[in-house]
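Welcome! Here are some exercises to work through with the structure in view, each followed by a solution in steps.

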Amino acid sequence: MDRTSPVPLYFQLAQQLEAAIENGALTPGSLLGNEIDLATRLGLSRPTVRQAIQSLVDKGLLIRRRGVGTQVLHSQVRRPLELSSLYDDLEAAGQHPTTRVLANHVEPATARVAAALGVPEGTDVRYVERLRAAHGEPMAYLRNHLPAGLLEPDTARLEATGLYRMVRGAGITLHSARQAVGARAATAAEAELLAEEEGAPLLTMERTTYDDTGRAVEFGSHLYRASRYSFEFQLLVRA
């Protein structure tokens with residue numbers, strides 16, 4: 001700690017802890033000492049240590065568990081805004097994705113789903129609802145509609161891989177998508193599924209995906225934990 005620096009000591013400590021988490025010196029699931037032990041070991045005041053820890057709790061890097069202590073979480077998933085599967089993105093990041101299928105059936109298309117898929121309202125469509133986790137921790141609540149007959153996804157297969165991987169395996173070329181990202185508060189039911197408090201911030205994403213013929217092949221309406229997930233944008237400057 002540089003006590004001559006104008007940077008507050010709590011912020012210096014938070015930066016060092018964050019760097020240790022990012023470079024793997026503090027591994028996911030490991031416990032920090034209690035605030036008194038840390039303060040004594042580092043020669044800092046307890047309020048300074050508490051403020052540093054709270055700043056990392058607020059960033060989703062640490063969590064306070066009653067009866068356990070302060071624990072390191074898995075790093076936040078940063079997903080690029082491109083036509084990719086969450087399953088593939090998590091797998092590529094070494095996040096060990098798992099899936100629980102909550103629904104997998106054919107149902108009549110609502111007006112909203114019909115408009116997205118370009119079919120008449122009431123047309124049969126395939127509905128798939130899943131809970132996606134990483135390292136056993138809930139990450140996203142996924143709801144997808146596909147034109148009936150496009151794909152007959154087996155529930156066991158859906159729990160073993162990503163939907164886009166199954167679509168591509170059926171010989172369908174995914175070409176482009178229209179996507180909107182937003183945010184809202186979690187309902188009680190959503191909070192229970194995602195291990196959040198009711199009213200916690202969630203990221204929303206709606207996407208309609210098209211194949212290389214311009215046909216809509218999937219409409220997704222997804223919810224992500226804002227504490228564990230973010231979208232990354234690449235912006236280009238026009239001359």
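Leu203 is found in strand S8, where strands are DSSP runs of E of at least two residues and helices DSSP runs of H or I of at least four, both numbered from the N terminus. This is a predicted model, in which local features need pLDDT of at least 70 and side-chain atom pairs count only at pLDDT 80 or more, while totals for chains, interfaces and linings use all residues. Residues are numbered from 1 along each chain as its sequence is written, and side-chain values use heavy atoms, with hydrogens and water left out.

**Exercise 1.** Decide whether Leu203 is buried or exposed.

*Solution.* Start with the cut-offs: buried means under 20% relative accessible area, exposed over 50%, and partly exposed in between, using a 1.4 Å probe and protein chains only. Leu203 has 17% relative accessibility, so Leu203 counts as buried.

**Exercise 2.** In what order do the 6 strands of the open sheet lie?

*Solution.* First, recall that strands of a sheet pair through backbone hydrogen bonds, either parallel or antiparallel. Here two strands pair if DSSP finds at least two bridges between them. The order is S4-S5-S6-S9-S8-S7, and the pairing is antiparallel. At the edges are strand S4 (97-108) and strand S7 (174-185), each of which pairs on one side only.

Next, follow some of the pairs:

- S4 and S5 are antiparallel and share 11 bridges; Ala103 stands opposite Glu129 in S5.
- S5 and S6 are antiparallel too, over 10 bridges, and Ala133 stands opposite Pro138 in S6.
- S7 and strand S8 (residues 201-211) run antiparallel, joined by 11 bridges; Leu174 stands opposite Asp211 in S8.

Finally, check how covered strand S5 (residues 124-134) is: 10 of its 11 residues are buried.

## Two positive phi values

**Exercise 3.** Where does His135 lie, and what is its phi?

*Solution.* Begin with the background: most residues other than glycine have a negative phi. His135 belongs to the hairpin of S5 and S6, which has 2 residues between the strands, and takes a positive phi near 55°. Then turn to Ala195, whose phi is also positive, near 60°. Ala195 sits in the loop between helix H8 (188-194) and S8.

## The largest pocket

**Exercise 4.** Which residues lie nearest the centre of the largest pocket?

*Solution.* The lining has 17 residues, and those nearest the centre are Ile63, Ala195, Glu196, Arg225 and Ser227. A pocket is an open set of points on a 1 Å grid over the protein atoms alone, where a 1.4 Å probe fits, with protein on both sides within 12 Å along at least five of seven lines; lining residues have an atom within 4 Å of a point.

Now ask which elements contribute. Helix H3 (46-58), strand S1 (62-65) and strand S6 (137-147) each supply at least two lining residues, and S1 gives the most, with 4 residues.

Last, sort the lining by type: 6 residues are nonpolar, 2 polar and 9 charged. In this sorting, Ala, Val, Leu, Ile, Met, Phe, Trp, Tyr, Cys and Pro count as nonpolar, Asp, Glu, Lys and Arg as charged, and the others, Gly among them, as polar.
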